[in-house]
Amino acid sequence: MAIRRRLLRVLRRAIPKPRPPPTPRRRFLHTPSLLDAVAAAPSPSPNLLSRSSGSLPPLSAATVVEEAAPTAAAYLVELAETVLPAAQVVAALLSAWVHWRSTPEGPHGMVLTLVGANVAVHALCRLADPSFKMNHFATSLDNFKSGRLHTLLTSAFTHIHLDHLFKNMSTFYFFGSDIAGMFGPAFLLKLYVSGALTGSAFFLAEMACLAPREEGFGGWKTPMLGASAAVRATVFLEIFLYPKRMLYLHFCIPVPAAIAGAGFIGADLWRVKKGQSGVAGSAHLGGAFVGALVWTKLKGWI
């Protein structure tokens, strides 16, 4: 029994006694600690963990999406306003290039692709805000001075209304098919782009000359859009190549190509002189100039 008592004493000394938890320190006398107050506060919702446990309430996926949606929407709008217009035209031109390279009927495919690009961009602009169309798909001095130089080309892929679109694309279909068949689809694509850019340059030059005199409709703030300059480049190249060929105005009136071309030039010069006609005669003249320039190059004169 004595030995047993000694063993129990040794074991009690070897095993440490449990100590009570330390009392949290307080900055001021008789003031409860912040942890005590938080622990004593009721939980705002039975589904949320208590803050005293050291965990934050989880956020649901819907809450995260709802908070991030306005920022994401603003970024997408800014991206669309700066990149989308030029990207659309570049994508349309690249698709045209790939199409004629990969199809046997390349020349005809190029014409249809450019027509399809005009229809698609026109439909997009009808759905978008009107200011988006005027800022990114119209040639004007305001856009040029603001650094939106892509409008010199993008303006040739949209139109004011369906009648404007139909007239330009139907004319381009017949004349563009002939030009692409003679010189290839790449030649037609370059001719279209050159006519569009030159027509925009001629129009800006006209608006700059009107700046000191007129400011309203028909004045220097007037925007211009449409594929008319690019189409005129195609039409006048064929007129110079075949001046005796019969053209059918409005699909029914036969007129020799040379006479029709002279009439087009005279009408556009009258529009420029008169002003406020609603038709960009200077852009038409720019397209005709490209057609004449390409013809002289084909003849070997320049």
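**Figure 1. Surroundings of Phe 183 in the predicted model.** Leaving aside residues up to four places away in sequence, Phe 183 touches Leu 241 and Leu 298, where contact means heavy atoms within 4.5 Å. Phe 183 is placed in helix α8; helices (H or I, at least four residues) and strands (E, at least two) are DSSP runs numbered from the N terminus. With a relative accessibility of 32%, Phe 183 counts as partly exposed. Buried stands for under 20% relative accessible area, exposed for over 50%, and partly exposed for values in between (1.4 Å probe, protein chains only). This is a predicted model, in which local features need pLDDT of at least 70 and side-chain atom pairs count only at pLDDT 80 or more, while totals for chains, interfaces and linings use all residues. Residues are numbered from 1 along each chain as its sequence is written, and side-chain values use heavy atoms, with hydrogens and water left out.

**Figure 2. Packing of helix α8 against helix α10.** The axes of α8 (residues 162-183) and α10 (residues 228-241) come within 9 Å and cross at roughly 45 degrees. The pair is therefore oblique: angles under 35 degrees count as roughly parallel, over 145 as roughly antiparallel, 65 to 115 as roughly perpendicular, and the rest as oblique. Axes are lines fitted to C-alpha atoms, for helices over the stretch in contact, and angles run from 0 to 180 degrees between N-to-C directions. Residues of α8 that meet α10 include Phe 172, Phe 175, Ile 179 and Phe 183, and among their counterparts in α10 are Val 231, Val 235 and Leu 241.

**Figure 3. Arg 232 in helix α10.** Arg 232 lies in α10 and is buried, at a relative accessible area of 15%. Not counting residues up to four places away in sequence, Arg 232 touches Phe 264, Asp 268, His 284, Gly 287 and Ala 288.

**Figure 4. Cys 125 and Cys 252.** Cys 125 is buried, with a relative accessible area of 4%, whereas Cys 252 is exposed at 55%. A search of the whole structure finds zero disulfides, a disulfide being a pair of cysteine sulfur atoms within 2.5 Å.

**Figure 5. The chain as a whole.** The secondary structure comes to 12 helices and two strands. Of the 302 residues, 35% count as buried.
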